[in-house]
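Reader: I'd like to go through the aromatic contacts in this one. Can you put it up?
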Amino acid sequence: MGKILENRKVDQDFYLMTVSEKNTAAMGQFYMLRCWEEYPVLSRPISVFDANEETVSFLYKVVGKGTELFTRLKAGDEITLDGPHGNGFPELPDKKKIALVGGGVGIAPLYLAARTYKAQNPDCRVDIYLGFSGEPILVEEYQKVADHVTVNVGGFVTDDIDPTEYDAIVTCGPGIMMKVLYEKCVKTGCSAPLYVSMENRMACGIGACLVCSCKTKEGNKKVCKDGPVFLGSEVFGIE
């Protein structure tokens, strides 16, 4: 059980929740969260927004009963955390220019990613591309951990990036957005590796139920255990 330190509304549908919890969370990982006993039956998989040894934060969007229940939590309340789970974003110590591309709630794991990459190599350039269908959120926070932040509202954030300018690209968001980015990398002859964080529905979070299975070049894999991060070519380059 973790104790809620803050559960702040940042937009009509988005909340930023910080929990007191000793953890080893790394960029791109997630937790299974719940604050109820019986209903809903399943915990909710939520990406790590930020973390240190004593606290972990989650940026979540209200999309159903479970996340609506999260919004009722106040400082001092308790929440059940199971994790961290999954294989997150790779360390990229030899890369000089890294692009992080997110859409919707997929922007969540990019904050810790940017902060981590800059901490590992202060000389590398980290650019963040944020896509929103409505009002932008937390842009100032992302600007604090990146060299440059590009914001796209109502359009296609993939239009704003030239993949050939980067040594590595990391993305999280709607599947169609990540597929378009992968296809753009292929079309432009981009040699930089593209890492995608899949957002498949999950039930157990530990690879037991197969709900989050996705097709890859090497057959079906479990997003919760084998991912959620894969090479873009592994999931979108299937012929």
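Reader: How many aromatic pairs does the count come to?
Author: The count comes to 9 aromatic pairs. Keep in mind that the model is predicted.
Reader: Take F49 and Y111. Why is that pair called stacked?
Author: The planes of F49 and Y111 are at 15°, and under 30 degrees counts as stacked, so the pair gets that label. Their ring centres are 4.5 Å apart.
Reader: And which parts does the pair tie together?
Author: F49 is in the loop between β4 (44-47) and β5 (50-51), while Y111 belongs to helix α2 (residues 110-120), so the contact links parts 62 residues apart in sequence.
Reader: Is F49 buried or exposed?
Author: F49 is buried, at 5% relative accessibility. Y111 counts as buried too, at 12%.
Reader: What about F49 and Y142, stacked or edge-to-face?
Author: Edge-to-face, because the planes of F49 and Y142 are at 85°. The centres of these two rings lie 6.1 Å apart.
Reader: Where does Y142 lie?
Author: Y142 is in helix α3 (residues 139-145), and F49 is in the loop between β4 and β5, so this pair joins parts that are 93 residues apart in sequence. Y142 is buried, with a relative accessible area of 0%.
Reader: Changing topic: which residues form one aromatic cluster?
Author: Y15, W36, Y60 and F70 form one.
Reader: Last one. What lies over the face of Y166?
Author: K97 does, at 5.3 Å from the ring centre of Y166.

Definitions and conventions. Residues numbered from 1 in each chain as written. Predicted model: local features only at pLDDT ≥ 70, side-chain atom pairs only at ≥ 80, totals over all residues. Heavy atoms only, no water. Phe/Tyr/Trp six-rings, centres within 6.5 Å; stacked < 30°, edge-to-face > 60°. Helix = DSSP H or I, 4+ residues; strand = E, 2+ residues; numbered from the N terminus. Buried < 20%, exposed > 50% of the residue type's maximum accessible area, 1.4 Å probe, protein only. Lys NZ or Arg CZ within 6 Å of the ring centre and 35° of its normal.
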